[in-house]
Amino acid sequence: MCVISWRWVSLRETSATQLPAPLRTTRQRKAVMNALHQQTGFTSAQELHEAMEADGITIGLTTVYRTLHALDRAGQVDVVREKSGERLYRPRPADGHRHYLVCRDCGLSTEVEADTVERWAERVAEVMGFAEVEHTVELSGVCDRCHFIRNTTPALTDRHA
């Protein structure tokens, strides 16, 4: 079973003509972005903080949260929500935001083609007389591996990449 949720949120989607204001480069933002680029897939603020601390980077957890929020508002990261509601982050590709299908059990994320969603959002905005519309589409399900594990050993719920 796949859960699809549609909602309008303020995640700073932008068109080629409406780019977000660039963030001032700070030591913390640079460190957080470098750490994000070293992660595989989406990661939580706490996981990122732990990885940074393990690499000898001294930074507060609150600073990581604030920095990720600023990067989100500036359109520099993609964000999805885990089944618990926790936000997970990954660097946004230079050519724009993406939509992902995320496994609710292990967190595996797969990019999905979403041209239809983009055209739909543009049409809705135009018909309703809105400009600078922002959106996110979250798709979650259970990947093949986790589905297999659920059906063969229901007690096992390890995360995999």
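Which residues are exposed on the other side of α4? They are Thr 116, Glu 122, Glu 126 and Val 127, where exposed means over 50% relative accessible area, buried under 20%, and partly exposed in between (1.4 Å probe, protein chains only). Before you click on, note that this is a predicted model, with pLDDT of at least 70 needed for local features and 80 or more for side-chain atom pairs, while totals for chains, interfaces and linings use all residues. Numbering runs from 1 along each chain as its sequence is written, and side-chain values use heavy atoms, leaving out hydrogens and water.

Now select residues 115-128, which is helix α4. Its 14 residues should span 20 Å at 1.5 Å a residue, and the end C-alpha atoms are 20 Å apart, so the two agree; the expected span is 1.5 Å times one less than the number of residues.

Next, pick out Val 117, Ala 121 and Ala 125, the buried residues of α4. Look down the helix axis: these buried residues fall within an arc of 70 degrees, so they line one face of α4. That arc is taken from the directions from the helix axis to the C-beta atoms.

Step just past α4 to Gly 129, which has a positive phi of about 75 degrees.

Finally, zoom out to the whole protein. Color by secondary structure to find 5 helices and 7 strands, which are DSSP runs (helices H or I, at least four residues; strands E, at least two) numbered from the N terminus. Along the sequence they read β-α-β-α-α-β-β-β-β-α-β-α. Of the 161 residues in the protein, 35% are buried.
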